[in-house]
Amino acid sequence: MGKEFKVKRKWKICCAVTAILIIVIVVVLVTLAFTLFKPKDPKIIPQSVTLEGFRLVVFPSITGNLSLELAVTVDNRNYGGFDYDNSTTYINYRGNLVAEAPIGKDTIRPRSKHNVSASVIIFADRLAADSNFLNDFFAGVFNFTSSTLLQGKLNVFNIFKLKASSSSSCNITVFIQNQTADSVCTSKIRL
């Protein structure tokens with residue numbers, strides 16, 4: 001009877017230690033999941049918006065184009081890589097779509113920065129369709145917005161693969177007189 005009691009006691013101690021160890025591991029993993037591994041919004045840093053060319057003829061009819069080179073750096077602050085598919089950047093002038101620029105699929109490594117660029121040509125006839133075009137032209141400033149949605153997978157330690165999408169929006173200002181451009185961007189990530 002004394003041996004059975006000692007064996008049962010050893011089993012109880014073993015089970016208790018195992019249960020405590022499992023609880024500690026679960027608590028640590030849950031804490032890490034809600035703090036360190038929690039998906040963070042990528043930081044979109046506008047590098048440059050370069051006005052590559054500007055040609056506009058107003059009389060006898062409005063013709064010409066505006067060529068922009070958009071470059072941003074995406075700072076992936078997550079502990080997982082982001083593989084995104086082919087996408088498109090949309091350029092709007094006063095709420096109307098005036099241009100599109102393709103973005104090829106790529107991968108942004110964990111905790112790294114990645115440069116993304118796109119070239120876009122905006123034709124003057126699309127701008128002229130807006131009633132405020134001449135006012136903006138004579139003021140010497142055109143304001144555009146760009147929007148991009150990157151859809152793909154967030155890959156954490158090659159174990160967890162979550163569908164994710166990252167969207168960015170930029171306000172682009174083109175100054176006609178000195179032929180320069182400036183931008184401000186924001187971004188969001190969704191799982």
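Modeller: One cut-off before we start: buried means under 20% relative accessible area, exposed means over 50%, and partly exposed is what lies in between. With 46% relative accessibility, Arg94 therefore counts as partly exposed. Keep in mind that this is a predicted model.

Colleague: Okay, where is Arg94 found?

Modeller: Arg94 sits in the loop between E4 and E5. Its backbone stands out too: Arg94 has a positive phi of about 55°, although it is not a glycine.

Colleague: And how many salt bridges does the structure hold?

Modeller: The structure holds 1 salt bridge. Arg94 and Asp136 make it through their side chains, at 2.9 Å from N to O.

Colleague: Which parts does that pair tie together?

Modeller: Arg94 is in the loop between E4 and strand E5 (96–103), while Asp136 is in helix H3 (residues 133–139), so the pair connects parts that are 42 residues apart in sequence.

Colleague: Is Asp136 buried or exposed?

Modeller: Asp136 counts as buried, at 11% relative accessibility.

Colleague: Switching to aromatics. How many aromatic pairs are there?

Modeller: The count comes to 7 aromatic pairs. One of them is Tyr93 with Phe142, which is edge-to-face, 5.8 Å centre to centre with 75° between the planes.

Colleague: Where do Tyr93 and Phe142 lie?

Modeller: Tyr93 is in strand E4 (residues 87–93) and Phe142 is in strand E8 (residues 141–156), so this pair ties together parts 49 residues apart in sequence. Tyr93 is buried, and Phe142 is buried as well.

Colleague: Which residues do the ring pairs link into a cluster?

Modeller: Tyr93, Phe133, Phe137, Phe138, Phe142 and Phe144 are linked into a cluster by ring pairs.

Colleague: Now the surface. Which residues gather in a patch of positive charge?

Modeller: That patch is made up of Lys43, Arg77, Arg111 and Lys113.

Colleague: Where does Arg111 lie?

Modeller: Arg111 is in the loop between strand E6 (106–108) and strand E7 (112–123). Arg111 is partly exposed, with 48% relative accessibility. Arg111 also has a positive phi, about 50°, although it is not a glycine.

Colleague: Which residues make the nonpolar surface patch?

Modeller: Ile22, Val26, Val30 and Phe34 make a nonpolar surface patch of about 390 Å². Phe34 belongs to helix H1 (residues 2–34). With a relative accessible area of 62%, Phe34 is exposed.

Colleague: Last one, Gly81. Which strand is the place of Gly81?

Modeller: Gly81 is in strand E3 (residues 80–84). With a relative accessible area of 8%, Gly81 is buried.

Colleague: And what separates the C-alpha atoms of Gly81 and Leu154?

Modeller: Those C-alpha atoms are separated by 5.7 Å, and Gly81 and Leu154 are 73 residues apart along the chain.

Colleague: Great, thanks.

Conventions. Residues are numbered from 1 along each chain as its sequence is written. This is a predicted model: local features need pLDDT of at least 70, side-chain atom pairs count only at pLDDT 80 or more; totals for chains, interfaces and linings use all residues. Side-chain values use heavy atoms; hydrogens and water are left out. Patches are made of residues with over 30% relative accessible area and no salt bridge: like charges are joined within 9 Å, nonpolar side chains (Val, Leu, Ile, Met, Phe, Trp, Tyr) within 5 Å. Accessible areas come from the Shrake-Rupley method with a 1.4 Å probe; for residues, only the protein chains shown count as cover. A salt bridge is a side-chain nitrogen of Lys or Arg within 4 Å of a carboxyl oxygen of Asp or Glu. Lys and Arg count as positive and Asp and Glu as negative; His and the chain ends are not counted. The place of a charge is taken as NZ of Lys, CZ of Arg, CG of Asp or CD of Glu. Helices (H or I, at least four residues) and strands (E, at least two) are DSSP runs, numbered from the N terminus. Buried means under 20% relative accessible area, exposed over 50%, partly exposed in between (1.4 Å probe, protein chains only). Rings of Phe, Tyr and Trp (its six-membered ring) pair if their centres lie within 6.5 Å; planes under 30 degrees apart count as stacked, over 60 as edge-to-face and the rest as tilted.
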